[in-house]
Amino acid sequence: MSENAAGAAENSGPEPEGPEPEDHRAGWFELFFDLVFVVTVAVLAHGLHGDPGAADFGTFLVLFFPAWWAWVNLTVTVNVFGSGDARIQATLLGAMPGLGLMAAAAPEGLGDRAWAYALGAAWVRVAIFAIWWDHARRRDNPLPLWRPLTYGLATAALWAVSAAVPSPARFVLWALAIALEVVLLAVRTGLSPDIYQRLSTEHLVERIGLFVVIVLGESVFVVVSTLADHFTAEAAAAALLGFVVVAELAMVFFAWGTSSALRGLDRAQAGRADRAMRDTVMYLPYLLVSAITVLSGALGTAVAEPGHTLPTGARWALCGGVLGFYTANAAIALRYGDEVGSVAAWYLPSLLLVAGALVPAAALLPAWAAVGIAAAVVLLLAKLARHRIARAARDAPPTTAG
């Protein structure tokens with residue numbers, strides 16, 4: 001099914017005229033804002049080192065989503081209203097301490113510091129509310145006041161109240177706050193039909209790409225810093241092979257993933273497939289960055305204990321991180337409207353190679369060798385992708401000018 005068809009199904013009726021989307025680059029304040037997430041990712045990834053269990057993986061996913069959700073909401077807000085407004089810049093910078101509080105509370109974010117994590121989340125939502133409220137109050141803006149009041153202020157109140165509520169009721173309020181935001185994104189009552197047409201797809205792809213850089217950078221940091229503490233030949237081999245894994249995944253993402261994302265978002269925007277834009281910007285990239293972060297924990301463990309087989313949790317992290325990277329990209333491609341057969345051509349080999357080669361290697365081989373198999377898997381998949389793209393270029397009909 002093409003994305004144009006998806007857009008027609010999702011947005012029936014005459015196509016309203018809307019303003020042209022603004023093409024702009026990330027401002028310095030957005031890049032400075034991202035520095036908080038360097039810390040956030042590092043703190044949350046630390047809990048995945050060694051032999052993480054189901055509770056550790058669950059804690060990471062639960063605590064990482066509100067941080068990601070805050071970041072992507074602020075990113076979309078800046079995209080919609082532009083990056084040149086000094087008040088938006090000030091508000092964005094003012095949100096950084098809230099994110100910093102979430103990062104500082106993350107080691108015990110579901111325990112003794114859950115109240116601080118909740119207050120940090122409330123802080124960020126007040127910043128989001130301030131930006132949307134400022135624009136909703138303007139006479140020329142059709143956005144009803146109840147939307148920013150509910151999406152920003154009501155959810156901030158839920159997070160703030162949860163800080164004073166004991167567990168497990170506290171976590172019920174967290175879930176209600178996020179669920180309210182998700183529902184409001186799905187319900188379009190009072191939302192201008194051209195809001196998605198105002199988005200700059202180039203800016204969105206750039207911002208998500210920069211976030212992926214942060215997560216990949218955390219993987220490199222873990223590999224190098226762990227090698228500094230375990231400076232042996234086997235650890236060096238594991239570190240080098242781990243760097244190959246990270247570098248190849250980065251190459252796959254930035255050589256093909258970003259260009260595909262830009263084409264997909266442009267198609268979705270042209271076809272007015274608003275839900276596809278929402279899903280591929282706000283929801284699915286969370287799975288992608290989570291997979292890379294989980295993988296970084298396994299690589300750090302392999303460098304620390306290169307001569308032993310990986311513990312069970314690290315095996316899950318290594319295999320799940322690699323497969324999760326390709327699974328998230330496959331889900332994004334399908335949501336853009338790519339043909340199932342085209343996606344299966346590169347996703348099925350990744351599934352088979354992880355299950356048939358990486359899983360047994362992680363269970364039987366020393367950690368450094370298991371990382372070597374992971375490097376071989378991603379190298380082979382990259383080579384297959386290059387071959388497929390080159391063949392598609394050769395088979396494409398020639399174009400003529402005029």
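Analyst: Helices (H or I, at least four residues) and strands (E, at least two) are DSSP runs, numbered from the N terminus. The model is predicted, so local features need pLDDT of at least 70 and side-chain atom pairs count only at pLDDT 80 or more, while totals for chains, interfaces and linings use all residues. Residues are numbered from 1 along each chain as its sequence is written, and side-chain values use heavy atoms, with hydrogens and water left out.

The protein has 13 helices and 0 strands, and its pattern along the sequence reads α-α-α-α-α-α-α-α-α-α-α-α-α. Of its 402 residues, 51% are buried, that is, under 20% relative accessible area (1.4 Å probe, protein chains only). Among contacts (heavy atoms within 4.5 Å) between residues at least 6 apart in sequence, 82% join residues at least 24 apart.

The buried residues of H7 are Arg-170, Leu-173, Trp-174, Ala-177, Ile-178, Glu-181, Leu-184 and Leu-185. They lie on the same side of H7, because they cover an arc of only 130° around the axis; the arc is that of the directions from the helix axis to the C-beta atoms. These buried residues pack against four elements: helix H3 (54-81), helix H5 (114-136), helix H6 (146-162) and helix H10 (274-304).

Notes
Buried means under 20% relative accessible area, exposed over 50%, partly exposed in between (1.4 Å probe, protein chains only).
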